[in-house]
Amino acid sequence: KITPRVLASLQSSIMASRPRGAGGCSAPGAASSTAKKKLVIKPFKQKPKLPAGYEDEAWAKLQLALDAIANKQPVAVGREELYQSVETLCLHKMGARLYRRLQQECDRHVAHKVASLLDPTAA
């Protein structure tokens, strides 16, 4: 049976046999031979640029996703990828153009749906 006295004795003997300092565990608050380094985050020297054609590629993905949603089909591209595409376009000052394209695409789908409801033979 291990009593608290035996446990304390075992702990003190284990701690005494451990090396201290470099490479070993030292007690909390013990002086360290190296000073703490401050983390400095520097800005990019040049603003990151999008690859050529990124806007059109991102729009193609978004348009396919909108078509799939409007037709009640599964979306082939993950939501995270779509979100990141939209976020990247907005961060690179292409948000207004993206908004106009999305609005036109949604208007097109709504007009198509209204036309199919008014004339069931056209669908």
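The exercises below begin with the overall fold and proceed to individual residues.

The model is predicted: local features need pLDDT of at least 70, side-chain atom pairs count only at pLDDT 80 or more, and totals for chains, interfaces and linings use all residues. Residues are numbered from 1 along each chain as its sequence is written, and side-chain values use heavy atoms, with hydrogens and water left out.

**Exercise 1. Overall fold**

Task: Determine the secondary structure of the protein and the share of its residues that is buried.

Solution. 
1. Helices (H or I, at least four residues) and strands (E, at least two) are DSSP runs, numbered from the N terminus. On this basis the protein has four helices and zero strands, in the order α-α-α-α along the sequence.
2. Buried means under 20% relative accessible area, exposed over 50%, and partly exposed in between (1.4 Å probe, protein chains only). Of the 123 residues, 13% are buried.
3. A contact means heavy atoms within 4.5 Å. Among contacts between residues at least 6 apart in sequence, 64% join residues at least 24 apart.

**Exercise 2. Helix α4**

Task: Compare the span of α4 with its expected value, and state which helices its buried residues pack against.

Solution. 
1. The expected span of a helix is 1.5 Å times one less than its number of residues. With 24 residues, α4 reaches 34 Å from its first C-alpha to its last, close to the expected 34 Å.
2. Leu98, Glu105, His109 and Ser116 are buried in α4, and the buried residues of this helix pack against α2 and α3.
3. Val110 also lies in α4 (residues 95-118), but Val110 is exposed, with a relative accessible area of 51%.

**Exercise 3. Salt bridges**

Task: Which salt bridges join Arg97 to Glu55, Glu81 to Lys61 and Glu105 to Arg108, and where do the partners lie?

Solution. 
1. A salt bridge is a side-chain nitrogen of Lys or Arg within 4 Å of a carboxyl oxygen of Asp or Glu. The structure holds five salt bridges.
2. Arg97 and Glu55 meet at 2.6 Å, N to O. Arg97 lies in helix α4 and Glu55 in helix α2, so the pair ties together parts 42 residues apart in sequence. Arg97 is partly exposed at 40% relative accessibility, whereas Glu55 is buried at 17%.
3. Glu81 and Lys61 meet at 3.0 Å, N to O. This pair links helix α3, which holds Glu81, to helix α2, which holds Lys61, across 20 residues.
4. Glu105 and Arg108 have their closest N and O atoms 2.4 Å apart. These two residues are separated by about one helical turn, because they are three residues apart in helix α4. Glu105 is buried at 5% relative accessibility, and Arg108 is partly exposed at 43%.
5. Asp67, Glu105 and Arg108 are linked in a network of salt bridges.

**Exercise 4. Positive phi in the loops**

Task: Locate Lys72 and Lys93 and give the phi of each.

Solution. 
1. Most residues other than glycine have a negative phi.
2. Lys72 has a positive phi near 55 degrees and lies in the loop between α2 and α3. Lys72 is exposed, at 76% relative accessibility.
3. Lys93 has a positive phi of about 60 degrees and lies in the loop between α3 and α4. Lys93 is exposed, with a relative accessible area of 72%.
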